Each structure stands twice: as C-alpha cells, then as structure tokens.
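Dear colleague,

Please find the structure below, handed over for your records. My notes on selected backbone and packing features follow it.

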Amino acid sequence: MKMLRKISLAALLTTSMLGSSIGQNLESKYSKFAQLAQELPTPNRYRSASGQAGPDYWQQKADFEINVTLDDANQMISGTEKVTYFNRSPDELKYLWMQLDQNIFEKNSMSNLTETGGISETTSSSNLSRRLRKESFDGGFKIRKVHDASGKALSYSVNGTMMRIDLPAMLKPGAQITFVVEWSNKINEVRTLGGRSGYEYFSTDANYLYEMAQWYPRMAVYDDVNGWQHKQFLGSGEFALVFGDYKVSITAPADHVVGATGVLVNASQVLTKTQQERLIKAKSAKRPVVVITQQEAETNEKSKSKENKTWVFEAKNVRDFAWVSSRKFIWDAMGVPVGANTVMAMSYYPKEGNPLWEKYSTEAVAHTLRVYSKFSIDYPYPVAISVNGPVGGMEYPMICFNGPRPEADGTYSERTKYGLTSVVIHEVGHNFFPMIINSDERQWTWMDEGLNTFLQFLAEQEWEAGYPSRRGDPRDIVPYMSSDPKMLEPIMTNSESIKNFGNNAYGKPATALNILRETILGRELFDYAFKEYSRRWAFKHPKPADFFRTMEDASGTDLDWFWRGWFYGIEPVDQELTEVKTFQLDTQDPRVENQKSKENDLARQKSYSYQINEKIKLRRYTEEKPELLDFYNTYDRYKVYDEDVKAFEKMFEGLSPEEKAIINEKAFYHVLKIKNSGGLVMPVIVKMIYEDGGEEIVRIPAEIWRYNEQEITKTLVTQKPVKQFVLDPFFETADINQGNNSIPRQITADRFKMFKDQRRFREQNPMQKERDSNKK
C-alpha cells in the first residue's frame, strides 16, 4: 500500500505547489526561450517578417538550348549550350558565374586535394582501385569556346568548379544576354570513381548504362541574400540553381533508349508505332504499362548499332536537367491524377532490376506524388521518372536515379525491397524539395534533405502499416543525440562542414519536424503551416528564416525555443523524473484520519533489526518486569472520541462551500520533480497508471521550463491512487535515457549476440531459404 503524506486545508489553499515552480533562475544569459533576434536576418522588402516573399522579391532566370552527343565507344559527351540570362535583380552585373561541377574529377581539384584518410593493412581492392583511377582519370570540363550570340569570343576564367564569364558591357536590371558555351567531358565510372552521376558497365553483355547529371555548365545563383553563390563544390554540399526553360537534343546510338527531364517532343521519330500506342495507353492505366519490353531491351543489347538517333526534350520552369541512356532499358509508365493534371509516373531499368523494379518502382513514384502533393503543393510537372543504375540515390527535376536491385537469381531480401521503395519515395520526393521549393543546398543541406526525409517518413507510413522507416521516428535519432558531443554539430551547419551527414542533415531535422507535428503543434496546425510554406516558396529561393518565420506565422505559435534547441543546438532530450510525493488532504475528521493512520502503520515495513529480534525471540526487559507496562502500552491509539467528532463537525460547519467541497473531494495531490538532464527543453508528457489498472496521459507544453530550465516541480491532481508515473511513455520526444523516466523505475531488457572470432559467412535471404527448403 502506498504511503501518503497529509497536508492541511490552509496549506492547500495557499501553497504554490499546485503549479510548476516559478521564480527560480529568472535571469539566464543564454535563455532557451530567448527570441531568435540575433540569429535571423532583419526582414526587408525582399523577405518579410512573416516568412513570405516581400513586395520587391526578385530572382534571376536562365533558359538553355543544348545539343549534346553521347560517345558510347569512349564514354564521353560533347555539347553546345546557348544560354539566355535574364537580370531581374536591381543590380548591374559586370560578370556571370557558372558551375563546372565535373571539375571535381580533376586530379588537382579541391575535393581530391582535401580528401582525408589513410591506407591500412586491410585496405580493400576497391578502395585502392578508386584511388588509382582518380589519379589517372582525365575528368573535368574541357571548355572549347565561350562566345556571344553573334560569335564574338567572351573572356572567361575558371576557378575550380566555378567559371566567371566577363561581359562586354554591364548587364543592367531588366536586361538579358545570350551566350554560347562549347564543351566536352569524359564520363566517370560510378562504381570505381564515385560521383552523383556516371556510367555502369555490364560485362555479361558488354553494354553501358549512363546516368547523366551535372553534365553541362550550369548557371550559379545570384540572389538578394548572398549575391553570387559561388562556393566551391566539394562533394557534399549539393546545388544552388536558377529556374528556366530547357530544350535539349540528345544524340545517342540508335538502339539506345533515352529518358530525361521534361517531355519527349519527337516520340514519333524515336519510338515505334507500337511503343507510342503503349505510352498513350499508359496515361489512363490503373497499373504500369510496359512501353519498352524486356524482350525489346534484350534485342537492343545485342544490336550494337553504329547509327545515331536524336531525342528532343522540353522542360518549362525547372532548375536543372538530367538524362539517362542505355540499350538495356525496359520502360514502364502509368498516369497519376494529381489535382487537375495527370502526371506520367515512369521507370527505366535493366533486366537485372526485375522482378523487383517492374513490381515496385512506378507504383512508388505514383504513391510519392499523391502523398507529397497532399502535404505541400500539387505536383506541377508532366512526368516523374525513377531510373535504375549505378547511382544509389540522386535527384533532379522530373527524374531520379535509384540503385537497389535483386540478387542474380531474382530473389531479394526484405531490406532490398524496402530499400528500393524508400529510395524511390525519397528521390522522387526531392522534386518538391528542392526542385520546386528551391533552397540553397550548397549552404543548407537540411532544407531539402531534412524536409524531404520528414515527408518520406509520412509517405512510408501511408504505404503500409508497420513500414520499417529508418528515419523520422523519434526513437531512431536517440543513438546519434546520445553520442559524444564532440561528434555533434547543429543542424544549422554549412553543408560542406557536416561530420555526421546522414544523422545531422537527414535524420535529426526529419525527427524534429515529426515531433513538431505530432507532439507540439498537432497535425492540423502543422500541416496547414507546412503547406503554406510550400505554397509561398514554390518556384522561389527560400532561406532558413523564411521557413522558421512561415511556420510560426501560419501556426500562430512562437517556436523560437524549438528552432533554437533543435536547429541551433546540440543538446539532447533527457527528462529525469527524480521524485514523486503524493499527498492527501488531512480532513481533520477523526473518523477518517484515525482509520487511515491505523492502515498506514500496519502497512509500514518493519525494520531489519526488528525482524531479526523477532526471529531470535529476543526477550525484552518488560517481559521480566510487566509492572513497568502502563496505559500507553495497551490503549487503542486509533479510538475515535465523541468530543473529537463534535469539534470536527463544529469546524466543518464554519467552512465555506468551496472549502467543504475540497474536503469531500478526497483527491490525491502528486508533486513531481523533473530534471532537465539533457538540456533540450521539450514538452513534458506524463503517463499515470492507476492502482485499478486505468491510465491517464497529461501533456504539458515546453513553456513550463521558461522560468527554470534545469528543474521543475509540477503538481498533478487525481481522484484515484496512482501506481506509477512515466515520462514520455510513447517515445515521442527522442529522450535519450528512458531508464530515468519512471517512478517506480522500470527494468529495461535487451539482447546481445555471441559469435566465434571469425568472419561470418554470407547468409541467404529469406526468399532463397524458402526456395531451397521447398526443394527438399
């Protein structure tokens, strides 16, 4: 039986214990609830204090016409691009900056020269091969010519992965200029040289599969915050790009199948009549329709045509353009209604991708479009493509590269199945962040990867019940947030300086947003604000402050404490329930209180010394001299006397109705002391388990910590006795130590494995085990 403490009625009516402790630590130089006044830029006419674009907001535009030829024999491309650049800024521009991302493959690139790591006695052959290939690979752009529309040469200067083009005259606000760049570059083999694009060689049929991205000189961003964004590309910080219209003509071997950003505008010249009919049928189909069959792909694999064919694609209002080409491609498609439009969800994959790809890829594309459109904006583009090749996962407007494949025998593990579904959702989802809501990836990876991983989590949970998501659930970020603080850095860290990229740029921001949605704002407020951010900044260039301010503006909630803790800090969540004291009101009614005292005394544990004395039958002195015993050795200390009852009744009659109601309520008052051991302030969620088996959840906003960020005292009132108190019972705050969250404490159990000191053999996947067992 739980021991209860008593409090007087006067104390109950005057004590501050009914609320959280206040007045402690009022002055804190580094208050966790301080406004983000210094951290965020001052609002102006370009970007408003509400988080929306201001009345004078502007952004540049660049249109491209590109002719590119794929040399399949030598794995290289050459091209000519005509760029029309529109200066919509209020500034005169003396020069333009372009991005030469392929220069990361130059032997003396900043990326190669600053790569760290050594060679050990157990260095793998693939690692050595990669290092040797890097030394010999003649990568990077070869700029042949830069000239204006009339053919007059323009002066240019290459600085690593950036190229400055000097203009013959100042480009005034509202003016535009057209110039031409002629270039070529060798294509990297992804599996040996790495990279976000490149080729894969299939030795079984001597064919290549090309995934082409960062393949042409691209315009750098000039905006109201940074001016020119010409930070060098080192490999981690991805891209900041300008919206524009594209017309791209891709010349490839005649037996290649080409897919790309945008709409194929010359299908009648590159597809057979039957293939065109299949493509039309796919638009209204409920399941993917195969446009180019595996049999047709296998025929292409063998033909090795010496002729060429040109595929022409057009794309409107995109920030980039990527494409793929191979003899090996199977192609399927399905129309997906999104808002007022029908989007063609499509997949390109070699036969090595089946049966996994034909079953899941296009369906995952379609699912992503529906879910992301629900939470952000309706997908505005005409196509969305998933391609299987050597790149594990990479995204571009309307097209993405995804790597998982089944085993050679067609079986696949559960991890591979969900790995494919997840990577397709993630990479297709990037069409929204950052391809449409166009943040600066070179500066802030979390603004696209974090937001996208959050929506990926929502899409995965809508795919099937119990989906094994890797990121998004608060408990999955606990190992990272509980690691050595030296290995942690704020989410607000520049993309090229992040040490723990996956957790910091993907997992932590995704988890933070999930907690913000489920625990702090609630789904209705969060979803409205997130959708408003997407609507405000679609086809624009948002910065972190625009996101923070919009979420607060549209939800009507001050979240500066949340951004400060989760995005600017590294402290973890660790709420420790250090003490619980339970009180009941001393009614002063002897008929009630004397009986309670008797019950408590009988329930009190006898001391260990007393138990031993009883066991050995210790003879006491009064047993030898019973005359020493008196009234107090025999009287009933719990007896109720009439005069005590009358005194109570007289006192009770003098009480106010409110005071009488308090006495009659017979409530339990539980005083909880909670310590903020981790440092990151969060809502306090308390589960009370009653002695009768019932449960109740109390949710307390994070603002309870505003007067004392280290420790709080909170009183909870119940009508029934409580058996146990548990903090964060549903693992929703990413608390790193669940062991100190309850009183009485809960015992946690885990498991470990034991292996012999030898290399483990490669196990079969469950499909293979099932197949082999059926043969026996």
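Glutamine 214 is found in the loop between strand E10 (207-212) and strand E11 (218-219); helices (H or I, at least four residues) and strands (E, at least two) are DSSP runs, numbered from the N terminus. Although glutamine 214 is not a glycine, its phi is positive, at about 50°. With a relative accessible area of 4%, glutamine 214 is buried (buried means under 20% relative accessible area, exposed over 50%, partly exposed in between, with a 1.4 Å probe and protein chains only).

This is a predicted model, in which local features need pLDDT of at least 70 and side-chain atom pairs count only at pLDDT 80 or more, while totals for chains, interfaces and linings use all residues. Residues are numbered from 1 along each chain as its sequence is written, and side-chain values use heavy atoms, with hydrogens and water left out.

A positive phi, near 55°, also occurs at asparagine 317, a residue other than glycine. Asparagine 317 lies in strand E18 (residues 308-318) and counts as partly exposed because its relative accessibility is 31%.

The bond from asparagine 354 to proline 355 has omega near 10°, and proline 355 is placed in the loop between strand E21 (341-349) and helix H8 (356-375). For the cis bond from isoleucine 743 to proline 744, omega is near -10°; the loop holding proline 744 runs between strand E31 (742-743) and helix H21 (766-775).

Finally, alanine 554, in helix H14 (residues 544-555), counts as buried at 18% relative accessibility.

Yours sincerely
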